[in-house]
Amino acid sequence: MTLSSVEAATASAPARERVDRLRAAAYRIRHHALNMGEVQGQGYVGQALGAADMLAAVYADQLNYRAEDPHWADRDRFLLSTGHYAIGHYAALAEAGIVPVAELETYGSDDSRLPMSGMSTYTPGMEISGGSLGHGLTIAVGMALGLRLQGSASRVINFLSDGELDEGSTWEAAMGAHHHQLGNLTAMVDINALQADGATNTVLRTEPVTEKWESFGWYTQRVDGNDVGALLAAFDNIASVSGAVGRPSVILCDTKVGRGVPLLETREKAHFMRIEENEWQICRDQLTAGYEGTASA
Amino acid sequence: MSTVTTAAGAVSVGKPKLKTSAMIASFADPGQKTTSAPFGHALVAAAEANPKIVGLTADLGKYTDMHIFAKAFPERFFQMGMAEQLLFGAAAGMAETGLIPFASTYSVFAARRAYDFLCLDIAEPNLNVNIIGGLPGLTTGYGPSHQATEDMAIFRGMPNLTIVDPCDSVDIEQAVPQLAASEGPTYLRLLRGNVPTVLDEYDYTFELGKAKVLRGGNDVVFVSSGLMTMRALQAADALAKHNVDVAVVHTPTIKPFDAATVLAELNTDRLAVTLENHTVVGGLFETVASAVVTAGLGKRVVPIGLPDQFLDAGALPTLHERYGLSVDRIVAKVLAELG
């Protein structure tokens, strides 16, 4: 299979109903994240809002899972490499019915199953313990190899951030996935252009990101990661080229920290966004107004 | 007087033949009974019995005896390239799908380069991944880049990890199926190539987590692991000629440590000596010392092990003599202690 990224992008636009369903899921994921952030009074709300559309595309459209049996052997695997995005992932697990919505308010509290940084040993549906960045894709390579060896048709989707592209291990894994022809592996890179010490292009320049992945042999697409239609089209393209043996695929997702809440979108960008006590309701109101406004448009 | 032909072809007379270092040096004595690639063959045997066993390496298959497995089970062998973080991250991923990976590289690379991946991806979720580390301690003359003199010190602090320091081919052959069967991660200090066969002369079987008394003795008790158990047994024979009666306790499992067996042997007025192919910091000596203090035994323990320093490059026999691991140095140390 030697399809280039452009040639393969031939899938027809996703149906309106499918897009609307995802937008609704993304709205609920964002709403959950704001509620969790308010209980904590802090947290990685900005990242969760930015990644909500990616998470919605995975859980509401792509992933094959059984909510009542998170360890079902034939499930697709979603690996959260960026442990601090757990707030968004828990919201998605609630949307998926794997974690009860009522449990979300325990996020980050003592004895909660929902710690600040995602860990497989704590949370149903959390496949790996992220947090030490640059691990997820290496584990994903092993899972994809292991599943293929055992004749499984399950796919592995690894969520990672553009900051993780700083880590050499990510590129060890990128080479390994191509070498072993892991057509059952998809990476999603959240390119929010922000990391702990500031803007990505001031910390360690990772661009040109698209060319890097293409040169590593991956089927590479770059989309607006806050456009659920574009995300679905990208997944549809992958479905047309993937298989157990083939090229691994990556969706490079340009996203906006705080997406969906204008108050936060325009706030000075920070890895750990500060939100005052009286602002949480404003955030929720803005989120709902934005969702309903465009939904009715 | 020897004759040496130089690279340029000129013949120089009178220069002594140089002792040279090698990456893969044997510590077997001349004429000693050895077994070829015991790990590779034991892994093949275990894999025949258990289809979940897979093998991985990071461009060191030939040098960790993994090539034996790769040849027998090519579809269950995975070459990960010279990428140790990927090696162990991928091993974790495979274990998450129910497989039992054995992943090999040199001990220095497992312990120093890939620690974070072993710790968080394998040990924290307590996965059955078996880490196979070649060139443990001082088993190569290549210098600090390849001499894993502090691997046990690094790994002992990692929760859930079982650490095995085998003496010989018997230990390795018997350990491999037990490592595969045990839940949770393990680290094996691999001896590869033509590995001495020593423990078949004793009434001994390897049991994961157990120390074994190989011989009794009234004057001195050796507590040893790894290839130093072979040296301990040789030194015990040599000391008998000096009318010194030496017991040898072999502790191939460093963690979890069989303190009960060892403390029962140490709770006497015999001279107590630990022997390890590892720095005296953080390895067997400190494991024993910790057990002794915790139990409240007021017992002096003499450490024989590598010094707390980066070691020289050179020929292995030279280095073992220099750093006190040779039989002669052990005998001299014990005689000096006994006064």
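So, how do α9(B) and α10(B) lie relative to each other: roughly parallel or roughly perpendicular? Let's start there, and keep in mind that what we're looking at is a predicted model.

Take helix α9 of chain B, residues 259-266, and helix α10 of chain B, residues 284-294. Their axes sit 10 Å apart and the packing angle is about 75°. That falls between 65 and 115 degrees, so α9(B) and α10(B) come out as roughly perpendicular to each other. If you want to find the contact on screen, look on the α9(B) side for B:Ala259, B:Val262, B:Leu263 and B:Leu266, and on the α10(B) side for B:Val288, B:Ala291 and B:Val292. As for what kind of residues these are, that contact has seven nonpolar ones, with no polar and no charged residues.

B:Pro256 is in the loop between β14 (253-255) and α9 of chain B, and the peptide bond running from B:Lys255 to B:Pro256 is cis, with omega near 0°. Chain A has a cis bond to show you too, joining A:Glu207 and A:Pro208, with omega at about 5°. There, A:Pro208 belongs to the loop between α7 (200-203) and α8 (209-215) of chain A.

B:Ala37 isn't a glycine, and yet its phi is positive, about 45°. You'll find B:Ala37 in the loop between β3 (34-36) and α1 (38-49) of chain B. Is B:Ala37 buried or exposed? The cut-off for buried is 20 or more other C-beta atoms within 10 Å, and B:Ala37 has 21 of them, so it is buried.

Then there's B:Asn160, another residue that is not a glycine but has a positive phi, this time about 75°. B:Asn160 is placed in the loop between α6 (151-156) and β8 (162-164) of chain B. Because B:Asn160 has 16 C-beta neighbours inside 10 Å, it counts as partly exposed.

Let's zoom out to chain B as a whole. Chain B carries twelve helices and 16 strands. Its C-alpha trace spans about 65 × 60 × 35 Å along the principal axes. A compact globule of 339 residues would have a radius of gyration near 20 Å, and chain B has 20 Å, so the two agree. Of those 339 residues in chain B, 51% count as buried. And if you take the contacts in chain B with a separation of 6 or more, 77% of them are between residues 24 or more positions apart.

Now, the two chains together.

Last thing, confidence. The model scores ipTM 0.92 and pTM 0.93. Chain B has a mean pLDDT of 95, with 95% of its residues reaching 70 or more. The stretch to watch is residues 1-9 of chain B, where the pLDDT is below 50; in the model this stretch has ten contacts beyond near neighbours in sequence.

Methods:
Residues are numbered from 1 along each chain as its sequence is written. Chains are lettered from A and ligands numbered from 1 in the order in which they are written. This is a predicted model: local features need pLDDT of at least 70, side-chain atom pairs count only at pLDDT 80 or more; totals for chains, interfaces and linings use all residues. Axes are lines fitted to C-alpha atoms, for helices over the stretch in contact, and angles run from 0 to 180 degrees between N-to-C directions. Helices (H or I, at least four residues) and strands (E, at least two) are DSSP runs, numbered from the N terminus. Angles under 35 degrees count as roughly parallel, over 145 as roughly antiparallel, 65 to 115 as roughly perpendicular and the rest as oblique. Two residues are in contact if their C-beta atoms, placed from the backbone, lie within 7 Å. Ala, Val, Leu, Ile, Met, Phe, Trp, Tyr, Cys and Pro count as nonpolar, Asp, Glu, Lys and Arg as charged, and the others, Gly among them, as polar. A residue is buried if 20 or more other C-beta atoms lie within 10 Å of its own, exposed if 12 or fewer, and partly exposed in between; C-beta atoms are placed from the backbone. pLDDT is the predictor's confidence in each residue, from 0 to 100. The radius of gyration is taken over C-alpha atoms; the globule rule is 2.2 Å times the number of residues to the power 0.38.
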